[in-house]
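My notes follow the display.

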Amino acid sequence: MEKEEKERLIKEETDRLKTQCTKLDCKRKQIAHRLCAKAAYLKVSLEEMQEDIDENGYYEKFSQGKDQEPYDRIRPVVNTFNSFTSCYQKYMKQITDMMPKQIAKTKEKDGFEDFVYGRED
């Protein structure tokens, strides 16, 4: 992936994530926007690495020396992919946790909650 293309995709993803943060207060919004930028970078990088892994596989032949028989070892990009995935999930959880909680509105009570919470056992 070209550098310009990657930067464009990161900007698009950052903007998409930032639109989700419009209802946050000023302080949280600043923090969320920084997290959005980092999460966007990770997402685009993960997609790039995933293409490489799909094309070249998880393992490569590796040998310690000329006389030794090569063996399969995990490719370094796979370890980086796993690490980035973990970081991306953490950033997205932080962003999600900052969002205002939405309370589900029920149209009318059917008595089930009263029955469940009214029990003494």
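I began with the ground rules. The model is predicted, so I kept local features at pLDDT of at least 70 and side-chain atom pairs at pLDDT 80 or more, while totals for chains, interfaces and linings use all residues. Residues are numbered from 1 along each chain as its sequence is written, and side-chain values use heavy atoms, with hydrogens and water left out.

H1 and H2 pack at about 135 degrees with axes 8 Å apart (axes are lines fitted to C-alpha atoms, for helices over the stretch in contact; angles run from 0 to 180 degrees between N-to-C directions). The two are therefore oblique to each other (under 35 degrees is roughly parallel, over 145 roughly antiparallel, 65 to 115 roughly perpendicular, the rest oblique).

I then checked H2 (residues 26–56) against H3 (residues 76–98): their axes come within 9 Å and cross at roughly 150 degrees. H2 and H3 are therefore roughly antiparallel.

I counted 11 salt bridges in the structure (a side-chain nitrogen of Lys or Arg within 4 Å of a carboxyl oxygen of Asp or Glu). One of them joins Glu 48 and Lys 6 at 3.0 Å, N to O. Glu 48 is in H2 and Lys 6 in H1 (residues 3–19), so the pair ties together parts 42 residues apart in sequence.

Last, I placed Tyr 58 in the loop between H2 and strand S1 (59–62).

Technical notes
Helices (H or I, at least four residues) and strands (E, at least two) are DSSP runs, numbered from the N terminus.
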